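These are my notes from a first pass through one model.

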Amino acid sequence: MNTPLFIGIDMGSTGLKAVAFDSGSGATLASAGSALPFFRLADGGCELSGDAIEQVLMDALQAVAGQLGERCQDVRALCCTGHGAGLYALDQDLRLLRGRAVASTDQRAGARARALAVRCGPELFDDVGCPPWAGQPTLLAAELLGHDAVQRGALHRLAFAKDYLALLLTGELATDASDLGTAGLLSLETGAPSRLAFEAAGLADLGPAILPLRLPPGAVIGHLLPERAARSGLPAHLPVATGTIDVLASLAAVGADRGGQAVAVLGTWCVNAVMGRALASKPAVGAIVHVGHDPEQGASRRLYLDNSPSSMANLSWLARALGFGSPAEAVDCAMTVPLGAHGLRFLPFINGGGAPEGATAGFIGLKAHHDRAHMARAVVDAVAALHARHLARLASFGLGVPGRVAALGGGARDSRLVRLIATFLGHPVQRCGDDESGARGAAGYAARSQGLPGLPAPPMTWVEPDLPALSAHADFYDSLHELVDHLRPAFTHLAEDQA
């Protein structure tokens, strides 16, 4: 008898992928997906049409079913994960308002977030675990839809990327604590929706009623609609399980959701995270997320994050701007130039910066002898150093197992990038060369919905630091972050000019 198969769907900030896994071996049996056609606006907006989401989703599922062939009958459940925050605002018919979703990299609420941080940033951090930031659903809703969106009846529900995918597949809407918490909508103390978060955004009427039903990961939301099954070729009435935000799904895929291991996700965002218990004193990290109670340990769990909106997005921009065929080709070119790019530095904030707030990207020290190889090296160095900075910050608060970091995401496919991070940190880093950890984690939740413990973890390899170069990397690391810190007034000045 064949082993059960489970499908995980991962919708990131740039693409969507559906992957089928064997529950016995953990092997990938089918995979399909494509880039999502986000369109960027001159005012910092980043949006995606609902029609495009549906088309990419169904094409991916149809391709996976085609690759599985007769083994489609062994698929037992599927589950979705996706990027956090952004704005998936739904009307009373549960359709996207304006027919569009807004990415978490959207910067149009930046001025609103900065003003709110001045007014009540510390109070919000104490209550919900994060300061205001441009990609939050409440701030985007206030900025784009207006304070009266609820009163006008335009805004009926707030959802997240994974929830919208599940809605398309089942007709049912639900979410989980990880997305709500990462968006700064849950009280850290109680896990209930935070009234302060809605009031501070000027959306007091949004409140709990505007949020979807909350379910634990691995609970069944609903079943694949007959028309979706027919179109995709998957079994009719296939159970669809609740997932989590992509970073937590990735942690679960490699077993780091319980071990306290720090994880760096080299994706569109520079995500660095550790799962742990609730601490008596809140560490001053980028965000603390309430993700529920762990019955096995008898304690509340927190996801500790230190991140920025830009990681591999910097390399994607570089490839487009300088005519490289792909980000991988840009890395190849970069490695023809030594660390430091002969004096050229890059500020790795192409989609903005979480810290410092208002940060933007740019080259510093550009001279006539620099060419695109130097520019590529400056970007690569800065992306790796930014991950290392966030990871070091988490470690400074005792978060994570000392010397244990796992690198995941698309960027982790390149061992050279991981080795850079390891050398900046001064210790080995584990690497997951399978960049579908988010989809694997989602498929694991699908397996749990059917009474299985999850999926086997993917293989991990250790990447050693460049020991002879530790001193040079430490000097570069210190000088780059000193430069970023000195530029804080310039970031503030530029942000005020754009307001």
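**Ring pairs**

I find Phe424 buried, and Tyr477 buried as well; buried means under 20% relative accessible area, exposed over 50%, and partly exposed in between, with a 1.4 Å probe and protein chains only. I note that the model is predicted, so local features need pLDDT of at least 70 and side-chain atom pairs count only at pLDDT 80 or more, while totals for chains, interfaces and linings use all residues. Residues are numbered from 1 along each chain as its sequence is written, and side-chain values use heavy atoms, with hydrogens and water left out.

I searched the whole structure for aromatic pairs and got 8. Rings of Phe, Tyr and Trp (its six-membered ring) pair if their centres lie within 6.5 Å; planes under 30 degrees apart are stacked, over 60 edge-to-face, and the rest tilted.

I looked at Trp317 and Phe346: the ring centres are 6.1 Å apart and the planes stand at 15 degrees, so this pair is stacked. Trp317 belongs to helix H10 (residues 312-322) and Phe346 to strand S18 (residues 345-347), so the pair ties together parts 29 residues apart in sequence. Helices (H or I, at least four residues) and strands (E, at least two) are DSSP runs, numbered from the N terminus. Trp317 is partly exposed at 26% relative accessible area, whereas Phe346 is buried at 1%.

I then returned to Phe424 and Tyr477, whose ring centres are 6.1 Å apart with planes at 40 degrees, so the pair is tilted. Phe424 sits in helix H13 (residues 415-425) and Tyr477 in helix H15 (residues 470-486), 53 residues apart.

I also noted a cluster in which ring pairs link Trp317, Phe346 and Phe363.

**Helix H14**

I checked the length of helix H14 (residues 437-449). Its 13 residues should span 18 Å at 1.5 Å a residue, and the end C-alpha atoms are 19 Å apart, which agrees. The expected span is 1.5 Å times one less than the number of residues.

How many residues of H14 are buried? I count 12 of its 13, among them Arg440 and Tyr445. Just after H14, Gly451 has a positive phi of about 85 degrees.

I followed Tyr445 to Phe6: the two are 439 residues apart in sequence, but 9.1 Å apart in space, C-alpha to C-alpha. Phe6 lies in strand S1 (residues 5-11) and is buried at 1% relative accessible area.

I found Ala85 with phi near 55 degrees, in the loop between strand S6 (75-82) and strand S7 (88-90). Ala85 is buried at 1% relative accessible area.

Arg98 has phi near 65 degrees and is in the loop between S7 and strand S8 (100-102). Arg98 is partly exposed at 38%.

**Cavities**

A cavity is a set of points on a 1 Å grid over the protein atoms alone where a 1.4 Å probe fits but cannot get out, and lining residues have an atom within 4 Å of a point.

Of the 14 residues lining the largest cavity, the closest to its centre are Leu116, Leu124, Gln136, Thr138 and Ala197.

Technical notes: On a 1 Å grid over the protein atoms alone, a cavity is a set of points where a 1.4 Å probe fits but cannot get out, and a pocket is an open set with protein on both sides within 12 Å along at least five of seven lines; lining residues have an atom within 4 Å of a point.
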